[in-house]
Every structure is written in structure tokens, then in C-alpha cells.
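Colleague: Please take a close look at one part of this model and tell me how it is packed. Keep to one side chain and its surroundings.

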Amino acid sequence: MSIAANILTLTGTLTLLTLLFKTARFIHIYTRPSSLPRYLHTSPSGQSPWALVTGASDGIGRGYAHELASHGFNIILHGRNPYKLSSVQASILAAHPKTQTRLMVLDATTCSAPDIAAAVKELACAGLHVTVLVNNVGTGTTPSGHVFANFEDEDASDIDAIINTNARFPALITHFVLPILQTPALILTMASISDVGSPYISVYSGTKAFDSSFSKALRREMIAEGRDVEVLAVMTAMVTET
């Protein structure tokens with residue numbers, strides 16, 4: 001067999017093995033048992049666990065809040081609209097009367113780092129046994145109402161709003177919540193398949209690439225530090241109804 005044939009055979013074998021590995025990994029992700037029960041642990045004093053869900057006013061965040069409540073977690077609902085949050089709070093209590101809830105009212109687009117730190121400090125002062133953080137808050141629509149737009153035509157304020165909501169806020173709230181997370185703990189961040197670099201949503205795409213990379217880096221940091229904190233990024237496509 002010629003050298004060229006050997007190279008082609010080796011290349012084909014490596015390609016096949018790579019595809020098999022990716023297929024097995026994909027199947028494993030969607031068939032493995034849930035690890036959520038690991039984070040449903042009580043404090044030494046017997047306090048039940050809490051989950052903080054950002055962007056919980058509606059959509060995916062509302063769904064996360066209800067799902068976590070159904071598994072026995074108490075819920076901290078974050079959002080910028082207190083009336084919407086109160087509605088979600090009422091719906092959770094109607095479905096799960098034993099669930100404890102708290103509201104965290106912060107505008108992810110405009111709040112400062114001290115604002116976030118103060119809100120998290122309230123949780124610590126209340127002695128809440130927080131084991132789960134869901135970084136769900138995000139936006140694909142600018143304050144001007146655009147979804148798809150030429151980058152050159154975007155307003156600077158719209159660029160700031162998307163970066164602040166999708167990247168800055170998740171990073172900062174994770175920074176302040178991490179010290180009070182009770183292990184084993186979970187940090188779940190909503191990323192997107194657009195993180196590959198999607199035209200006409202370039203800023204949104206960039207922020208979601210940040211969310212994905214940030215999650216991978218923090219996960220490796222937790223492993224290196226020997227901390228039992230699982231850090232995951234969830235890749236989604238366009239969501240039209242929840």
C-alpha cells in the first residue's frame with residue numbers, strides 16, 4: 001500500500017472515530033440521569049435549598065422557576081418588573097404551596113455592580129441555603145426594537161444594553177453569588193447556538209460566545225480549585241413560545 005493510501009486510511013479512521021465520539025457524547029448528554037438531586041440538599045441546620053433564577057418574569061426563566069419548585073427547591077425570582085415577578089410568584093405558590101419564594105428586583109441592563117452586590121448580600125444576611133444559580137436573563141431585542149440589524153446601523157446604547165444584559169450581568173451576579181453557594185452546587189447559564197458568529201446579530205452572538213466560554217473557563221477553575229460546583233452552559237436556538 002502506498003504512503004498516500006496509508007495517509008488516506010489514517011485520516012478516514014480518525015474522522016470516523018471523531019464522529020463516533022461526538023455521537024456517543026450527544027447520546028450521553030440526553031440520556032444520562034439528571035444530577036439535579038445532588039443540589040437538593042439541606043443545610044446543617046435543616047434549611048431546604050434555594051435556587052436563584054435570573055430573568056424569571058416570563059419565558060424560559062419562568063419555566064425554570066416552576067420546574068425547580070416542582071423538585072423541591074425554594075425559589076429566588078429575579079427580574080426588573082415587580083408586578084410580573086409577583087405574578088410568577090403567585091403561580092408558583094398556587095402550584096407548590098410549600099415552596100418559599102423571594103423577589104430580587106434589578107434591571108440587568110442598567111444596574112451597577114454595587115447594586116448586584118447589595119442584592120446578593122441580602123440573601124447572605126437572610127441565611128439562605130443557595131445551591132443553584134440559573135443565569136437565564138438575556139435579550140436578543142435591542143431597546144430600539146431591533147432583532148436583526150447591520151452592525152454599523154446599531155445605536156451605541158443598544159450595543160451597551162445587549163452586552164450589559166447578556167454578558168456583564170451574568171458575570172457579575174455569578175461573581176457575587178459564588179461565595180455563598182453551598183456545595184455541591186450548580187451554575188447554569190443560557191448560551192446559544194448563535195455563538196459561532198452569526199451575521200446581523202453580531203453583538204448578541206458575541207455575548208453568547210462569552211457566556212459559553214465563560215462557563216467552560218469557570219468550570220475548569222472550579223475543578224482546579226477542588227470545589228464541587230458544576231458549571232454548565234445550555235445551547236439553545238430561537239425560542240418562540242414557552
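Modeller: The side chain of asparagine 135 makes a polar contact with the side chain of threonine 174 at 2.9 Å; a polar contact is a pair of N or O atoms within 3.5 Å, where within protein one must be able to donate a hydrogen and the other to accept it, and residues adjacent in sequence count only if both atoms are side-chain atoms. This is a predicted model, in which local features need pLDDT of at least 70 and side-chain atom pairs count only at pLDDT 80 or more, while totals for chains, interfaces and linings use all residues. Residues are numbered from 1 along each chain as its sequence is written, and side-chain values use heavy atoms, with hydrogens and water left out.

The asparagine 135 side chain also makes a polar contact with the side chain of threonine 189, at 3.2 Å. Asparagine 135 belongs to strand 4, residues 130-135 (strands are DSSP runs of E, at least two residues, and helices runs of H or I, at least four, numbered from the N terminus). Asparagine 135 has a relative accessible area of 2% and is therefore buried, the cut-off being under 20% with a 1.4 Å probe and protein chains only. Leaving aside residues up to four places away in sequence, asparagine 135 touches Thr54, Pro170, Ile173, Thr174, Ile187, Leu188, Thr189 and Met190, where contact means heavy atoms within 4.5 Å.

Helix 5 (156-177) and strand 5 (185-190) are among the elements covering the buried residues of helix 6. Those buried residues include Tyr204, Asp211 and Met222. Just after helix 6, glycine 226 has a positive phi of about 70°.

Terms used
Buried < 20%, exposed > 50% of the residue type's maximum accessible area, 1.4 Å probe, protein only.
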